[in-house]
Amino acid sequence: MLDAGGQYCHLISRKVRDLGVYAEVRASETPAAELASARGIVISGGPSSVYDPDSPTVDPAIFTLGKPVLGICYGQQLMAHLLGGRVRKGDKGEYGLATLQLEDAADPMFAGLAGAQQVWMSHRDVVDRVPEGFRIAGRTDTCRIAAIADPARKFFAVQFHLEVVHTARGREYLANFVFAVCGCRPDWDPRHRVPLLEQEIRESAGDRNVFFFVSGGVDSSVAFTLCTRALGAARVRGVYVDTGLMREGETDFVRRMPNLSVEHADRQFLGALAGVTDPERKRHIIGEEFVCVQERIIESRRLLDEHWILGQGTIYPDTIESGGTAKAALIKTHHNRVAGIQRLIDSGRIVEPLKSFYKDEVREVGRELGLSPELLDRHPFPGPGLAIRCLCAERDEPVRATADGLILPVHSVGVQGDSRSYAPVLAIDAIDHVRATELINRLREVNRVVAAVQTAATVESMSVRAATLTPERIARLRRADAVVRRLTHASGYDHAIWQFPVILIPLGTSTAPDSVVLRPVHSVDGMTAQSVVMPPDLLVNMCREVSALEGIAGVFYDLTHKPPGTIEWE
Ligand code: XMP
């Protein structure tokens with residue numbers, strides 16, 4: 001997959017792997033010579049116009065390798081542009097569902113797919129004239145050239161996104177390309193890789209031992225277990241840092257893993273965070289404290305001598321630029337800044353057995369290793385822990401009424417355009433996503449909309465009070481989070497969603513100073529997310545139990561999609 005900057009590039013690669021065929025994402029400009037071993041090349045979509053200065057391109061020599069090439073969206077435009085066709089601005093954009101009319105054709109790419117069908121489009125530029133040798137294979141009402149084919153050279157392209165679920169027959173298109181056009185065989189199965197991975201680990205480690213900083217998340221746990229299987233328990237050590245910012249039962253959960261020691265650093269973290277209210281400062285302090293703790297551990301356990309190498313649970317999206325989230329990357333820089341770790345990495349003393357796998361494949365490997373579904377199906381949890389879900393406030397401030405709802409003077413982080421926003425929240429009286437989206441697009445003052453679902457007093461009468469990260473407030477959030485997790489798990493709802501952050505905000509009354517925000521979201525990769533409506537009976541039970549907790553004045557429901565709101569509030 002040549003990545004032309006499209007947000008779905010990883011999705012294409014994953015869909016190909018789901019067909020049992022190994023796929024890798026590379027930068028779009030990768031020299032053709034480096035692609036010589038590929039059986040086929042896909043050029044992804046991207047946000048640019050082929051005529052923009054500095055827009056992504058590909059090495060034109062890829063068209064002389066004799067390999068099949070498939071262009072998707074921007075990939076179609078780029079192929080047309082580079083091979084002698086023409087691209088122009090469309091009269092109208094075409095975003096969302098469209099009906100494709102695919103011509104009847106015998107070529108292997110489009111075989112068996114002719115007729116009218118639902119596809120998903122997201123473009124404004126269009127191909128206006130096809131390059132020589134190509135024919136038009138499909139159209140929509142708005143897009144005259146929605147699929148093109150040059151079967152003799154095995155070049156094909158589509159304007160729609162065949163990798164998203166909304167393209168009804170997307171998987172069949174991709175299967176035609178990888179099997180019928182490229183001649184691949186379905187021989188990629190992460191589960192069958194386990195013996196191979198163990199062999200690789202043994203080779204990388206030689207006669208040295210491996211140590212890990214384990215987070216309790218899926219990736220580091222699977223990598224740790226793989227190394228333990230490959231080298232034997234005596235040669236693998238894991239350390240888990242208890243920051244005091246973890247969820248209820250977390251340290252006990254992690255402790256169940258063999259050969260793992262717990263480093264208690266809660267006093268150190270909470271001490272450093274005392275009195276701090278600014279979200280960026282909190283993150284920074286947590287990163288710095290991690291560095292200190294890791295250095296201390298490396299030093300005191302003599303992990304830098306030649307007998308040790310570092311194990312990490314890095315997965316495929318982390319290894320390439322376009323993957324992961326900016327904030328996850330930030331936390332990693334903090335980890336990597338530990339001089340000792342950097343030295344190990346620089347001298348190649350590192351083993352990352354999962355670096356070619358996607359998350360779902362890591363889970364497959366984990367299942368093959370016999371790890372429990374309880375571990376493998378865990379939702380992501382941010383490294384800085386409850387600290388970034390426990391909002392603070394500099395000063396007291398009342399709730400303010402406006403014609404559109406109530407402004408809650410707590411500030412949360414959002415992403416608007418490409419930049420970060422930090423703004424107050426608007427509360428409305430119903431779980432109404434349509435209204436919330438309309439409000440958030442219209443009002444400049446807020447970046448998030450919540451619904452008040454259950455409050456002990458009227459929201460107007462509540463106020464924000466100056467608050468910091470105290471052990472008391474973290475404990476309060478931990479209790480609320482535990483209730484939500486228990487009920488979500490018992491109802492099976494955790495399988496229906498990507499993540500369910502629970503946030504504590506310093507909004508309340510004189511007797512109950514805080515409120516809780518529920519934030520269940522759907523997502524594929526955390527880069528974008530939808531706020532979802534949860535089952536009403538589950539919500540009722542959750543509100544009843546959370547409201548009964550000490551210090552909680554109300555329960556709110558976050559209605560904000562990402563963008564414009566991030567999944568986390570800080
Ligand atoms: P946002 O809030 O940016 O989050 O929409 C996207 C995904 O990333 C997770 N996240 C983090 N994970 N360290 C992590 O390991 C972090 O600092 C961090 N910040 C956000 C978040 O939980 C969501 O899944």
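**Entry 1: a buried pair**

I then looked up what joins them: Glu250 forms a salt bridge with Arg378, and their closest N and O atoms are 2.8 Å apart. The term salt bridge stands for a side-chain nitrogen of Lys or Arg within 4 Å of a carboxyl oxygen of Asp or Glu. Glu250 lies in helix H6 and Arg378 in the loop between helix H13 (373–376) and strand S15 (397–398), so this pair ties together parts that are 128 residues apart in sequence. Helices (H or I, at least four residues) and strands (E, at least two) are DSSP runs, numbered from the N terminus.

**Entry 2: what I am reading**

I remind myself that this is a predicted model, in which local features need pLDDT of at least 70 and side-chain atom pairs count only at pLDDT 80 or more, while totals for chains, interfaces and linings use all residues. Residues are numbered from 1 along each chain as its sequence is written, and side-chain values use heavy atoms, with hydrogens and water left out.

How many salt bridges does the count come to? I noted 37 salt bridges by this rule. I looked up Asp481, which forms a salt bridge with Arg247, the closest N and O atoms being 3.2 Å apart. This pair links distant parts of the chain, since Asp481 is in helix H15 (residues 471–491) and Arg247 is in the loop between S11 and H6, 234 residues apart. I checked the accessibility of both partners: Asp481 is buried, with a relative accessible area of 1%, and Arg247 is buried with 11%. I also wrote down a network of salt bridges that links Glu472, Arg473, Arg476, Arg479, Asp514 and Glu550.

Where is Glu263 placed? I found Glu263 in strand S12 (residues 260–264). Is Glu263 buried or exposed? Its relative accessible area is 16%, so Glu263 counts as buried. Arg296 forms a salt bridge with Glu263, the closest N and O atoms being 3.1 Å apart. Because Arg296 lies in helix H8 (residues 279–300) and Glu263 in strand S12, the pair ties together parts that are 33 residues apart in sequence. Arg296 is partly exposed, with a relative accessible area of 37%.

I also noted that the side chain of Glu263 makes a polar contact of 3.2 Å with the side chain of Arg301. A polar contact is a pair of N or O atoms within 3.5 Å; within protein, one must be able to donate a hydrogen and the other to accept it, and residues adjacent in sequence count only if both atoms are side-chain atoms. Leaving aside neighbours within four places in sequence, I listed residues in contact with Glu263, among them Val239, Val241, Asp242, Val293 and Ile297, where contact means heavy atoms within 4.5 Å.

**Entry 3: the strands beside S12**

I moved on to S11 and S12, which pair in the parallel sense over five bridges; two strands pair if DSSP finds at least two bridges between them. The bridge partner of Val239 in S12 is Ser261. The chain crosses from S11 through helix H6 (residues 250–255) to S12 in a right-handed β-α-β crossover, a term meaning that, with the strands pointing away from the viewer, the path from the first strand over the helix to the second runs clockwise.

Why is strand S11 (residues 236–242) described as largely enclosed by the rest of the structure? I found that six of its seven residues are buried, and S11 is therefore largely enclosed. Strand S10 (residues 209–213) is joined to S11 by four bridges, and these two strands run parallel. The β-α-β crossover from S10 to S11 passes through helix H5 (residues 218–231) and is right-handed.

**Entry 4: Asp128**

Asp128 counts as buried, at 16% relative accessibility. The side chains of Asp128 and Arg88 are joined by a polar contact of 3.3 Å. Leaving aside neighbours within four places in sequence, I recorded that Asp128 is in contact with Arg86, Val87, Arg88, Arg144 and Ile145.

Terms used
Buried means under 20% relative accessible area, exposed over 50%, partly exposed in between (1.4 Å probe, protein chains only).
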